Structures are given as C-alpha cells and as structure tokens.
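We'll walk through it piece by piece.

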Amino acid sequence: MGLTLIEKIWQEHEVINQGDGNSLIYIDRIFLHERTGSIALKGLEKANRSVRNPSHVFCTLDHIVDTFPGRGDETLMPSGKDFIISTRSSAKRADINFFDLGDPKQGIVHVVSPEQGIALPGVTLVCPDSHTCTVGGLGALGWGIGSSECEHALSTSTLTVKKPKMMQVIFDGTLPVGVTAKDLILHLIQKFGAAGGTGYAVEFSGPVVKNLEIEARLTLCNMAVEFGAWTGIVAPDDKTLEYIANRPFTPQGETYHKALTHWEQLRSDSDAHFEAILSIDCETMSPFVTWGTSPQHAIPIDESIPDPAQETDPSTQKSMHRALQYMGLNPGTKMKDIAIDAAFIGSCTNSRLSDLRAASEVLKDRKVASGVKAICVPGSSLVKQQAEEEGLDQIFKAAGFEWRESGCSMCFFAGGESFGEQQRVITTTNRNFENRQGKRTRSHLASPATVAASAVSGKLNDANSLEIG
Amino acid sequence: MEPFEHHTGIAAPLMQINIDTDAIIPSREMKSVSKKGLEDGLFAEWRYLSLTTRKENPEFVLNQDPYRSASLLLTGENFGCGSSREHAAWALYQWGIRVIVAPSFGSIFYNNCIQNGILPVVLGPEKIKELQTFVELNPAVNQLTVDLRATIISAGSNICYPFSIESSDQQNLLQGLDAIGSTLKMMSSIEAFEENDIHRRPWVYL
Ligand code: SF4
C-alpha cells in the first residue's frame with residue numbers, strides 16, 4: 001500500500017519507532033516568539049540545559065510588541081516589556097537566530113517562516129504556538145506544541161509524537177469570483193465542526209487547492225487547528241518551488257538542486273490510505289462570515305443567523321444560545337444588516353501581500369464608513385515594506401485605515417491595546433472566541449476583501465455586492 | 001512532575017463544548033515570564049464579575065461549595081482547543097485540578113496535560129452525563145475515583161467505566177517522567193540519525 005505525503009515526511013524523520021504508536025521524530029526547525037518562547041528559553045536555563053542546535057532555532061518579536069508607528073520595547077501591555085527584554089537576552093545567550101525590532105525579518109512567526117525560506121517542503125517545524133500548522137501551505141510538516149515540549153525540542157532536536165490518523169479534504173469544482181481560502185476553511189469548519197479534525201493530520205487537495213496561490217494555501221492551513229486537526233498540509237508543486245526560490249534561508253547552488261529532486265516526490269501515492277475523506281463542492285460557494293464565538297459558527301454572508309431551536313443536539317444548542325447572547329444577536333437577523341464598529345486586517349491568517357492587495361482593491365477610491373475604526377497591520381516588516389513600495393499604504397490611509405508596524409496586534413488581547421467593550425469587529429483573524437480581541441469584543445471572522453467591503457459599508461458586506469450596489 | 005496513580009476527589013461539572021485555552025487562562029492573566037502563580041487567573045472571565053476587584057461570580061461552578069475544592073472536571077467536547085499556551089494546564093494544576101473528563105480534547109492541550117501530571121480521560125458524552133448526575137446528587141460525598149493503572153473511572157458502587165489512554169502517556173504519568181532526561185539518554189541514536197540524514201537532506205543542516 002502506498003503512503004500519504006505526511007506518512008512519507010514522518011518516515012523520513014523517524015529516529016526511533018517506539019512501537020506503541022509513538023515515534024521520536026527529528027525536528028528540523030524550531031521557531032519561538034516572545035510570549036511563549038521566552039518561557040521555554042527561561043525553563044531551559046533554569047534546568048541547566050542548553051539549546052542543542054542553535055542555528056536551527058529562530059525567534060521573533062510579534063505577540064506583545066506594540067504595532068504603533070515608532071514603537072520600541074515599551075508596550076501598552078502591563079509587564080509586556082519584561083517579555084521582550086527577557087526574550088532578547090535569552091535569545092542572545094542561547095545564540096539562536098533572533099529577529100529584533102527594526103530587522104526586516106521581524107514579523108508574525110507564521111508569516112516570517114515561509115517568507116524567509118525557514119519553512120521548506122518536507123521539513124518538520126515546531127513552535128510553541130498553535131498556528132504553526134500554517135507552514136503546511138508549503139508542504140512542510142508544522143505543528144504547535146506547549147512550552148515543555150518546546151524545551152524538549154530545543155535540548156534534544158526531537159519530540160515524541162503520536163502518529164495521527166490521516167484525513168484527506170478535497171475541495172472540488174472551481175472557486176466563484178470573490179471566494180477565497182478563508183471562506184473555504186470557514187465553510188469546512190462550519191460543515192464538520194470545530195472538532196471535526198480531532199486526531200487527524202489533514203491533507204488539503206482537489207482542483208480548488210491546486211489553483212490556490214501559495215499565500216492562500218498558507219491561509220487554508222493556518223486554520224487547520226481551528227478544525228481541531230493536529231496539522232494541515234498541501235502537497236508542494238511548481239508554484240511552491242517558485243515561491244521558495246531565492247529566499248534568505250532557502251538552500252542555494254548544488255544543495256538546492258539536490259533538494260529540488262527530493263521535493264518533487266513529496267506527494268501522496270495514488271493508493272495511499274486515508275482513514276477519513278471529506279469532500280466539499282465549491283461551485284456555488286459564497287463568501288463566509290462568522291456570527292458566533294466558535295469558528296464553526298460560520299455561514300454564507302447572504303444568509304441569516306441560524307435558529308438554535310432548529311438544532312437537535314442539546315449541547316450544540318446550548319453553545320449557540322450562549323454565543324448569540326455574547327454576540328448581542330438574534331436568530332433570523334440577516335448577516336448583512338449587522339452594523340460594525342471596527343474593521344481589522346492582519347494576523348498570521350490574512351496579512352500577507354496578496355491579502356493586502358485584495359483589501360486595497362476594494363478600498364481604492366472608497367472611504368471607510370463614518371464611526372468605523374479601521375486598522376491594517378502587515379504580517380511582517382517585509383510585507384509592510386513591499387506594500388509601501390506598491391503604494392498600498394496610501395490606498396489604506398486614503399480610505400481611512402490606520403497603517404501599522406507588523407505584529408500580532410489586536411488579533412488577541414493580552415491586556416494592551418484592544419477594541420472597546422462590546423465593540424463589533426469584522427476581522428481577518430482566526431479566532432472569534434469570547435474576549436479574544438478585547439473585553440467583551442464581538443468578533444466576526446472573514447476574508448480581507450469582506451473586511452474591506454464591510455469597513456466601507458459600515459455593516460457586514462462582501463466585495464461582490466459592493467460592486468453592484 | 002508528581003507521579004499519578006490514582007485519585008479520588010470532588011468533580012465539578014462545567015458542561016460546555018469547545019472551551020478554549022483563552023477561556024481557561026485569558027492572555028492578560030499571563031503576566032510574567034513564569035510558570036507559577038496562575039491559579040488566580042484560571043477561568044478569570046467567568047470566575048470574576050470584575051477582573052480588577054476580583055469580585056467572584058457566584059453563578060460560576062468553581063465559586064460554589066463544595067466545587068471550590070474540586071480536583072476533577074467534567075466537561076464537553078473539544079476541551080482545551082485553541083491557543084497552545086501551556087499556562088492552561090499550569091493554571092488548572094495550580095488551582096487543584098488533577099483529572100479532566102471530556103469526550104475529546106484539543107491535541108496540544110492534551111499533550112500539555114500529560115507533561116504536567118494532569119490526567120485527561122476521554123469518555124463518551126452519555127457516560128459523562130451519568131457521572132454528572134451522580135455527582136450532582138451530593139457533590140461533597142459523591143466523589144469520583146480514577147485508577148490510572150487499571151484505566152478505570154468509578155462513581156459509587158454502581159458506575160465503573162474503563163477508559164483508554166496510550167500506554168506511553170500512561171507510563172509517563174505513572175512514573176512522573178522527566179521526558180527530556182529520558183530522550184537525552186538516546187542521544188547516540190539521534191546523532192546516528194543526523195549522520196545519515198545530512199547526506200540525504202543536506203539542505204536542512206544550516
Ligand atoms: S497573529 Fe494571532 S493567531 Fe497568529 S500567531 Fe499572532 S496572536 Fe496567534
């Protein structure tokens with residue numbers, strides 16, 4: 001029987017098969033950030049252990065740093081500065097690659113790792129951060145770990161991992177205009193639930209995925225964890241190889257050519273076995289948006305809020321009621337009638353150059369509706385620079401968006417900057433959990449184009465409707 | 001890490017699905033580069049009416065007697081989904097939780113529990129419902145017992161359910177293993193792997 005792509009990568013990294021479903025897996029790359037990486041590095045120091053292979057370890061500042069223009073180590077988050085300073089000094093002591101403020105390599109970890117050629121097809125990459133699965137978009141095997149596991153990876157270059165079950169998700173048909181990778185993943189989670197992928201490693205495939213550009217594949221894999229999956233991956237192809245060529249950490253010369261031959265075989269065999277296969281027809285899809293506090297609370301933006309009374313499972317029903325109460329919404333309300341207070345474009349899901357281009361296309365010659373606070377935070381310092389070279393910053397600013405330095409910013413609330421209480425935000429981020437973006441903040445997840453269209457409409461809207469109306 | 005063999009204690013029902021790690025320990029409750037002092041921030045948004053004064057919300061189950069002394073948690077599907085923060089496991093442990101019973105767990109959170117001496121028990125929702133009914137009759141007296149060696153959770157004399165757990169996870173919990181220490185003993189295998197791998201995949205080695 002053939003092997004899946006993930007099984008092939010697994011085999012290549014297996015140091016010891018423990019015979020009980022677990023393997024000691026070799027870890028090629030470790031990424032850290034100041035919020036959890038600082039703790040792992042401190043933990044190692046305390047235990048008198050060292051980083052085994054510092055040249056394979058990378059660290060950025062993204063979670064706690066402010067994103068205001070002219071920022072420094074001072075942050076709005078109480079005690080935030082301690083995290084930054086502690087990370088910087090631990091990183092220096094451990095002699096790992098460190099992307100400090102002011103470095104063009106600085107940015108959100110999951111934007112930086114593909115952009116710098118740190119994530120490559122077939123490598124294993126871990127980070128104490130749940131969205132590490134993003135790098136699956138390049139055919140890398142990446143997953144999020146906790147601090148203890150991070151200390152383990154740092155000091156041994158390995159992790160003990162339970163082999164996941166294999167799932168294939170096929171996106172079939174062709175994608176209608178205005179429908180994006182973000183809509184695909186929201187649709188998947190809505191259909192099969194936020195725990196639909198629990199226990200699985202998911203390979204995304206089918207004609208729609210083949211046609212997605214690399215940055216869109218990164219968006220798709222980014223939210224594999226919101227589907228409950230251990231990770232997500234897309235088989236690398238010509239587009240992938242084109243994307244990774246000539247990036248700072250991509251191999252050069254002879255090793256590059258050796259790598260190419262290797263990367264070309266990275267795909268599931270035709271007779272590979274998947275324990276589960278899910279399929280979604282994309283032919284008639286429309287843009288999605290969430291109405292509740294779990295990513296599974298998503299619906300097409302043309303529809304109305306579902307009625308919990310129609311739900312048969314009591315625990316799902318209860319969670320819907322709770323979500324509606326938190327969101328201040330009622331069943332039956334048309335999504336497009338919901339007014340917003342703020343719009344946020346950023347995060348490891350949707351803050352790459354293609355995302356900013358998609359949003360700016362909608363914003364060109366338009367203005368953000370009055371009373372709406374609109375913010376754009378590029379995913380990395382490099383994305384910011386490239387966007388500025390294209391003049392995208394001018395479009396955002398002319399429309400009324402704030403233009404920020406790169407970082408996680410208001411994707412999550414760590415006690416620093418946030419939206420006000422009960423503010424309703426349309427956002428390109430990945431989590432609409434209670435209090436995720438601020439105290440009592442009400443988050444609606446959507447694609448960059450939908451966020452931009454909503455910002456100019458003052459209520460939830462998609463870019464297609466904007467053109468007509 | 002403390003070895004875990006068996007445990008008997010008060011079980012608190014927190015019957016919601018998809019409880020994420022942001023809810024277990026909100027970001028702003030993780031105030032320092034430390035693994036300690038997190039019990040106060042556990043479920044902060046739900047536990048307190050005001051985060052500044054720390055005035056308790058009497059409706060929240062862990063603020064009610066005898067659940068204040070609970071050491072087991074009965075909960076819904078996908079517990080611990082979301083962010084990878086190990087602080088969620090640390091906060092639960094520091095508050096006093098030793099066992100969490102749910103139909104399924106977020107996978108990173110599950111591993112974090114094993115690393116920190118918390119036993120995650122996977123049990124079907126109907127069985128959890130039965131445990132809940134038993135407990136709620138008289139929470140202080142109707143305690144639950146977990147035997148990790150026998151992989152059994154029992155309630156009184158009538159309810160007794162087996163549960164499954166990977167043998168490696170079971171062993172790690174039973175022995176309170178130092179995972180790094182045991183892997184470091186395998187360093188020769190890791191080095192042998194690298195010697196071989198550097199020829200196969202030279203581009204990986206920077
Ligand atoms: S952008 Fe948001 S989801 Fe992504 S790594 Fe940062 S905080 Fe996490």
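This is a predicted model: local features need pLDDT of at least 70, side-chain atom pairs count only at pLDDT 80 or more; totals for chains, interfaces and linings use all residues.

Residues are numbered from 1 along each chain as its sequence is written, chains are lettered from A and ligands numbered from 1 in the order in which they are written, and side-chain values use heavy atoms, with hydrogens and water left out.

Let's start with chain B, which has eight helices and ten strands; helices here are DSSP runs of H or I with at least four residues, strands are runs of E with at least two, and both are numbered from the N terminus. Its C-alpha atoms fill a box of roughly 65 × 45 × 25 Å along the principal axes. Of its 206 residues, 61% count as buried (buried is under 20% relative accessible area, exposed over 50%, partly exposed in between, with a 1.4 Å probe and protein chains only). Among the chain B contacts (heavy atoms within 4.5 Å) with a separation of 6 or more, 63% come from residues 24 or more positions apart.

Now for the cores. A nonpolar core is a set of buried Ala, Val, Leu, Ile, Met, Phe, Trp, Tyr and Cys residues joined through side-chain atoms within 4.5 Å. The largest one has 186 residues, and B:Phe43, B:Phe79 and B:Leu92 touch the most other members. Setting aside residues up to four places away in sequence, B:Phe43 touches, among others, B:Leu14, B:Ile19, B:Phe60, B:Phe79 and B:Leu92. Apart from that core lies another, of 35 residues, including A:Ile189, A:Val209, A:Ala216 and A:Met285.

On the α6(A) side, the contact is made by A:Ala181, A:Lys182, A:Leu184 and A:Ile185, and on the α8(A) side by A:Ala216, A:Thr219 and A:Leu220. By class, that is five nonpolar residues, one polar and one charged.

Compare α2 (residues 37–46) and α3 (residues 80–94) of chain A, which pack at about 50° with their axes 9 Å apart. These two helices, α2(A) and α3(A), are therefore oblique to each other. A:Ser38, A:Leu41, A:Lys42 and A:Glu45 of α2(A) meet a set of α3(A) residues that includes A:Phe83, A:Ser90 and A:Ala94.

And α1 of chain A (residues 5–13)? Eight of its nine residues are buried, so α1 is largely enclosed by the rest of the structure. The buried ones include A:Trp10, along with A:Glu7, A:Lys8 and A:Glu12.

A:Phe249 sits in the loop between α9 (238–244) and α10 (253–264) of chain A and is buried, at 19% relative accessible area. Beyond four places in sequence, A:Phe249 touches residues including A:Phe58, A:Phe99 and A:Ile118. Over in chain B, B:Asp147 lies in strand β8 (residues 144–147) and is partly exposed, at 26%. Its contacts, leaving aside neighbours within four places in sequence, are B:Glu5, B:His6, B:Ile152 and B:Phe163.

Key: Axes are lines fitted to C-alpha atoms, for helices over the stretch in contact, and angles run from 0 to 180 degrees between N-to-C directions. Angles under 35 degrees count as roughly parallel, over 145 as roughly antiparallel, 65 to 115 as roughly perpendicular and the rest as oblique. Ala, Val, Leu, Ile, Met, Phe, Trp, Tyr, Cys and Pro count as nonpolar, Asp, Glu, Lys and Arg as charged, and the others, Gly among them, as polar.
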